[in-house]
Amino acid sequence: MAGLYRTLGIFGGFVAVVGAAFYPIYFRPLLRPEEYKKEQSINRAGIVQESIQPPGLKVWSDPFGRK
């Protein structure tokens, strides 16, 4: 029975580490989109998209926009 608990502990620890790594990458932007919209507007201020966009590629769009 101790081997089962150890295996579950190792597996649970791995899942917790992966979850902790994915939180700031994936889940936090989903939970706080206004914070990231503000940050992107500051980062992209003064950039003319057409002047730096390679020809034939789609122009940037709002990554937070819903379809």
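Before I start, a definition: a residue is called buried under 20% relative accessible area, exposed over 50%, and partly exposed in between, with a 1.4 Å probe and protein chains only. What we have here is a predicted model, in which local features need pLDDT of at least 70 and side-chain atom pairs count only at pLDDT 80 or more, while totals for chains, interfaces and linings use all residues. Residues are numbered from 1 along each chain as its sequence is written, and side-chain values use heavy atoms, with hydrogens and water left out.

The protein chain has three helices and zero strands, where a helix is a DSSP run of H or I of at least four residues, a strand is a run of E of at least two, and both are numbered from the N terminus.

As for confidence, pLDDT, the predictor's own score for each residue from 0 to 100, averages 85 over the protein chain, and 97% of the residues score at least 70.

Turning to burial, buried residues make up 6% of the 67 residues in the protein chain. Phe 27 is partly exposed at a relative accessible area of 41%, and Tyr 26 is partly exposed at 46%.

A search of the whole structure finds one aromatic pair, and it is edge-to-face, because the rings of Tyr 26 and Phe 27 have centres 5.1 Å apart and planes at 85 degrees. Rings of Phe, Tyr and Trp (its six-membered ring) pair if their centres lie within 6.5 Å, with planes under 30 degrees apart counting as stacked, over 60 as edge-to-face and the rest as tilted.
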